[in-house]
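These are my notebook entries on one protein chain. I wrote down what I looked up, one topic at a time.

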Amino acid sequence: MLEKYSVRTDLALEEKERFESDNVEVQGVVLEEEYDEEREIRVSRVRIETEKGAKIMGKPVGTYLTVEAPNLAVPDEDCHREISVDLAGFIQELLENTGLGEKEDLSVMVVGLGNRQVTPDALGPNVVDNLCVTRHIVKEYGKYAMGMEHANLVSAIVPGVMGQTGMETVEIIKGVVQETKPDLVIAVDALAARNSRRLNRTIQIADTGIHPGSGVGNHRNGLTKDTLGIPVIGIGVPTVVDAATIVNDTMENLISALETSEMLKGVGDVLRTYNAAEKYELVKELLSPHLNGMFMTPKDVDEMVKQISYTISEGINMLFTNAGKE
């Protein structure tokens, strides 16, 4: 039954948690966690080290860094600035994994994935809107025009979605990469989460690239080193959650409530005999055909996406252009 138990999530951390909740140890996958109690920020590193572990997890071999910060959803400029600084450090950490950590005058292309017309999917385009792009300046006037001896070349593109362009995103990006020859691609996209408490409060950074639309069932070709020929760092924020998972969580709460009732305890005991996979499949069947495939997002997602996209762009600006540093 486990292989059929496919909860839609783009977060490697949630995949690891799913196996831990079933008391299943995945060989070749390491989880490390740090918690800053003062700032209420939890940083988790999921390292998939073997192909066997990658097959079980359903994600490529690599490092997945997850930052959980409840204050991401709060309009607090000081807090968001601190997270931007942290984000710059985490991207630098993954740059070391790609072998580009010490390279000077790095050429970086930022890809804003998603549909600007759909608010929960507009994270990538919004990040690009706030970027400090420098490639054209350095190409035209030289790196000293930036006021520094070494200047990174930052370019950006918003390729849109297949419904708008009729082309796979990877086809567009591959053509641009071949023409402009960057050293690194940073792809930013909205993700799907398993747990609603992580919506707009979590950032995942991975050195394995990104697969546009995978969380909502639109399996597009991925932006990875294999497809583009250069290292790809993926940055994503979960903005939607599958309706089936919300109902599943509600069922868990209902079962707990039934077990505390003397009159209905028997009903709770019967439902408790179902394992997590069976309960999730039952929920999906009950939801079909009306709600199965529906994704939910918070009502204030437009403001949240605007805030978080600025936080991510500031982190990228700090690392590659020194913009935003005091």
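I began with what covers the buried residues of H7, and the cover includes strand S4 (107–112), strand S5 (153–157), helix H6 (162–165), S6 and helix H8 (225–228). Helices (H or I, at least four residues) and strands (E, at least two) are DSSP runs, numbered from the N terminus. Buried means under 20% relative accessible area, exposed over 50%, and partly exposed in between (1.4 Å probe, protein chains only).

Before going on I noted how to read the model. It is a predicted model in which local features need pLDDT of at least 70 and side-chain atom pairs count only at pLDDT 80 or more, while totals for chains, interfaces and linings use all residues. Residues are numbered from 1 along each chain as its sequence is written, and side-chain values use heavy atoms, with hydrogens and water left out.

I then looked up the length of H7. Helix H7 (residues 169–180) has 12 residues and spans 16 Å from its first C-alpha to its last, close to the 16 Å expected at 1.5 Å a residue. The expected span is 1.5 Å times one less than the number of residues.

Which residues of H7 are buried? I listed Thr169, Val170, Ile172, Ile173 and Val177. They cover an arc of only 160° around the axis, so they are on the same side of H7. The arc is that of the directions from the helix axis to the C-beta atoms. On the face turned away from the buried side I found the exposed residues Glu171, Gln178 and Glu179. Just after H7, Lys181 has a positive phi of about 55°.

**Arg198**

I found Arg198 in the loop between strand S6 (184–193) and strand S7 (202–206). Is Arg198 buried or exposed? Its relative accessible area is 2%, so Arg198 counts as buried. Its side chain makes a polar contact with the side chain of Glu14 at 3.1 Å. A polar contact is a pair of N or O atoms within 3.5 Å; within protein, one must be able to donate a hydrogen and the other to accept it, and residues adjacent in sequence count only if both atoms are side-chain atoms. Setting aside residues up to four places away in sequence, Arg198 touches Leu11, Leu13, Glu14, Glu17, Glu68 and Pro238. Contact here means heavy atoms within 4.5 Å.

Leu131 sits in the loop between helix H4 (123–129) and helix H5 (135–141). Leu131 is buried, at 11% relative accessible area. Beyond four places in sequence, I noted its contacts with Val110, Ala156, Ser313, Ile316 and Asn317. Leu131 and Glu314 are 183 residues apart in sequence, but their C-alpha atoms are 7.4 Å apart in space.

Asp300 lies in the loop between strand S9 (295–296) and helix H12 (301–320). Asp300 is partly exposed, at 36%.

**Whole chain**

I noted 12 helices and nine strands in the protein chain. Buried residues make up 48% of its 326 residues.

I also checked confidence. The mean pLDDT is 83, and 80% of the residues reach 70 or more; pLDDT is the predictor's confidence in each residue, from 0 to 100. Over residues 1–5 pLDDT stays under 50. Where pLDDT is low, the predicted coordinates should not be read in detail.
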